[in-house]
Amino acid sequence: MGLFSKIKSMFKGESKTQEQEQVKKNNEIENENIEEQSDEIEEQVHQETISKEEYTKSEPSSSTEKKEEQAEESTTDEIPTKTANKVYEKGLTKSRKGFVSNLINLTSKYRRINEEYFEELEEILIMADIGVNTVMEFMDRLRSRVQKEKIEDPEELKEVIVDELFIIYVDDNILTNKINYNEDGPTVLLFVGVNGVGKTTTIGKLAWKLKEEGKKILLVAGDTFRAGATKQLEEWSEKVGVSFIGKEEGADPASVVFDGLEKAKQENYDVVLIDTAGRLQNKTNLMKELEKINRVIQNAIPNAPHETLLVIDATTGQNGISQAKSFQEITNITGIVLTKLDGTAKGGIVLAIKEEVNIPVKYIGLGETKEDLQPFDIEQYIYGLFKDMM
Ligand SMILES: Nc1nc2c(ncn2[C@@H]2O[C@H](COP(=O)(O)OP(=O)(O)O)[C@@H](O)[C@H]2O)c(=O)[nH]1
Ligand SMILES: [Mg+2]
């Protein structure tokens, strides 16, 4: 079974009317037949794609189990999953109306797949911020699948497109969205990224999420550069009900971090979230500042920081990718938080990050309220994006 059908059946029951449900079921039966046939062809001629597809088969199964487990446990456990679905769906509305509806229109415009169809498709994908190189490779793979599997109907290709797009994401290495927690002592999460991408807001939202999980949280205001940055973090700490430590504007960020970690150790905090200033225009200074902060962190807690999360604004497209590359040069980034996905109609940047940066996206921001930060889940993302096509 292809990824498209798998996701479709995972989120089954989301549809509104029985009629839709029936159409869906019929489609599924049809799809399965088509896929059984095409799987056979693939086995003979497309070794590489198969190994990737097998990967995608084995990968989601664990979370299918997870979802089943949750369903069995109790009804209260089902609620957060449902809420997450809603946050994904709502947050990806712009991308569905932009990028994905272009794809749907393309399908209804062409009765048969031809060169013009491919050219238009290529343009749509590039416009979606997927990244030129990724799109080129994708188009090559798609063209060869069309040829080998003798696909003529754009309607049929639609599913192959979704499958192939997300094979790019899962590819052949495991990208985990899990946070690396410290077993003995405070877990230290360091947030970096240029000004305005959403670092402080993300820390506030994540603090709320982790507090809800029962963790004792400390926020550290390491952005002492910008006027109001410390105050903004303090306001978040009050809003979500967690502890805060900060100093006056212009103080040495490393000294704030030092004080924060002393407090965290003495008072047994579970997770420490550290905000920083992101002046990338002065790369040498920023590198020195982050090196100093990292030294202080490592001296206080061995093996910390447990994560260095780079925050990227999804609405900045390729510019965000360049930021990621620059930050990778100056510090060891372990994960990405992609914010403001609700503010873009493009939605393809997740794939560009995978191909061009290859650091796992751990959280995504889908709005401005505290509930709008979600752990990145590729299946939920696909569903949120392509549900109108399913
Ligand atoms: N729509 C939307 N706005 C966001 C999101 N994350 C952050 N913002 C907004 O982006 C602006 C800048 O955020 P801030 O946390 O101050 O950025 P920082 O300079 O990196 O700390 C604020 O107005 C936030 O409310 C998101 O996921 N969606
Ligand atoms: Mg900030």
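**Group meeting: contacts, core and a buried helix**

Okay, so in this protein, residues 24 or more positions apart make up 77% of the contacts with a separation of 6 or more; contact here means C-beta atoms, placed from the backbone, within 7 Å. Housekeeping: this is a predicted model, where local features need pLDDT of at least 70, side-chain atom pairs count only at pLDDT 80 or more, and totals for chains, interfaces and linings use all residues. Residues are numbered from 1 along each chain as its sequence is written, with chains lettered from A and ligands numbered from 1 in the order in which they are written.

On confidence: pLDDT, the predictor's per-residue confidence from 0 to 100, averages 83, and 80% of the residues score at least 70. It stays under 50 over residues 29–78, where the model has 36 contacts beyond four places in sequence.

Now the inside. Of the 390 residues, 38% are buried, meaning 20 or more other C-beta atoms within 10 Å of a residue's own, again placed from the backbone (12 or fewer is exposed, in between is partly exposed). The largest nonpolar core has 93 residues; a core is buried Ala, Val, Leu, Ile, Met, Phe, Trp, Tyr and Cys joined through C-beta atoms within 7 Å. Helix α8, residues 154–170, gives the largest share, 7 residues. L219 is among those with the most contacts inside the core, and its neighbours include A207, W236 and L273.

Last one: α15, residues 378–386, has 8 of its 9 residues buried, so it's largely enclosed by the rest of the structure. Helices are DSSP runs of H or I, at least four residues, numbered from the N terminus.

Methods: Two residues are in contact if their C-beta atoms, placed from the backbone, lie within 7 Å. Helices (H or I, at least four residues) and strands (E, at least two) are DSSP runs, numbered from the N terminus.
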